[in-house]
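Dear colleague,

Please find below the structure that I am handing over to you. My notes on what was found in it follow.

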Amino acid sequence: MFSAKSIANYFLELAQSSDQCLSSLKLQALVYYAHGWHTGYTGRALLNEKVQAGPYGLVIASLYREFNRFGTGPITRKALDYDAHGAQVTPSPKDKETQTLLRTVFQNYASYSDTQLTQMAHGKDTPWDITWRESKGMHGVNIPLSRITAYFKAAVHTAEQQADA
């Protein structure tokens, strides 16, 4: 499993190499979709932290804290980790399998606007929608990994059927 900051930094690298900018909202959505597709394919979490259902969308707390200062504007630096020696850039995943997944997610989702990604994540019967309704608007409720896994396993099944057609 990876920290959300690690996955985010890889997406920031991809965005920079393709002359794109990412907002905090868009970056959180990309990290969520990477986590979802990973669980759908493998049954295992990509992230070592929970995704929450917030009133305005998906929240990954470490990313919110790290990048909220950029508001709706472009993120201009990578995520940092802090220790007794100060701040260091959080390392991106180095294994090829994870990088391939992240590139695929970026290629399939980065062209969507922040608003479109939010609408997709908030669709009827998505993990966010079900969790938000069940929590009756309570802030900071974790979306169960089992719910994310089931949703994306179904998406993987649909994608495989379409590929075979």
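**Surroundings of Thr-98**

Leaving aside neighbours within four places in sequence, Thr-98 is in contact with Phe-2, Ile-7, Leu-46 and Pro-93, where contact means heavy atoms within 4.5 Å. The place of Thr-98 is in helix H4, residues 96-109. Helices (H or I, at least four residues) and strands (E, at least two) are DSSP runs, numbered from the N terminus. With a relative accessible area of 8%, Thr-98 is buried; buried means under 20% relative accessible area, exposed over 50%, and partly exposed in between (1.4 Å probe, protein chains only).

Please note that this is a predicted model, in which local features need pLDDT of at least 70 and side-chain atom pairs count only at pLDDT 80 or more, while totals for chains, interfaces and linings use all residues. Residues are numbered from 1 along each chain as its sequence is written, and side-chain values use heavy atoms, with hydrogens and water left out.

**Aromatic pairs**

Rings of Phe, Tyr and Trp (its six-membered ring) pair if their centres lie within 6.5 Å; planes under 30 degrees apart count as stacked, over 60 as edge-to-face and the rest as tilted. By this rule there are eleven aromatic pairs. One of them joins Tyr-32 and Phe-152 edge-to-face, at 5.8 Å centre to centre and 70° between the planes. This pair links distant parts of the chain, since Tyr-32 is in helix H2 (residues 24-42) and Phe-152 is in helix H7 (residues 145-164), 120 residues apart. Tyr-32 and Phe-152 are both buried. The ring centres of Tyr-151 and Phe-152 are 5.3 Å apart and their planes stand at 80°, so this pair is edge-to-face. Phe-152 has a relative accessible area of 1%, whereas Tyr-151 is partly exposed at 34%. One aromatic cluster includes Tyr-32, Tyr-151 and Phe-152, as well as Trp-37 and Tyr-109.

**The sheet**

Three strands form an open, antiparallel sheet in the order E2-E1-E5. Strands E2 (57-59) and E5 (141-142) stand at the edges with a single partner strand each, so one side of each has no neighbour in the sheet. Two strands pair if DSSP finds at least two bridges between them; E1 (residues 52-54) and E5 pair over two bridges. Gln-52 stands opposite Asn-142 in E5.

**Two loop residues**

Asp-19, in the loop between helix H1 (4-17) and H2, has a positive phi near 55° and is exposed, with a relative accessible area of 75%. Asp-125 has a positive phi of about 65°.

Yours sincerely
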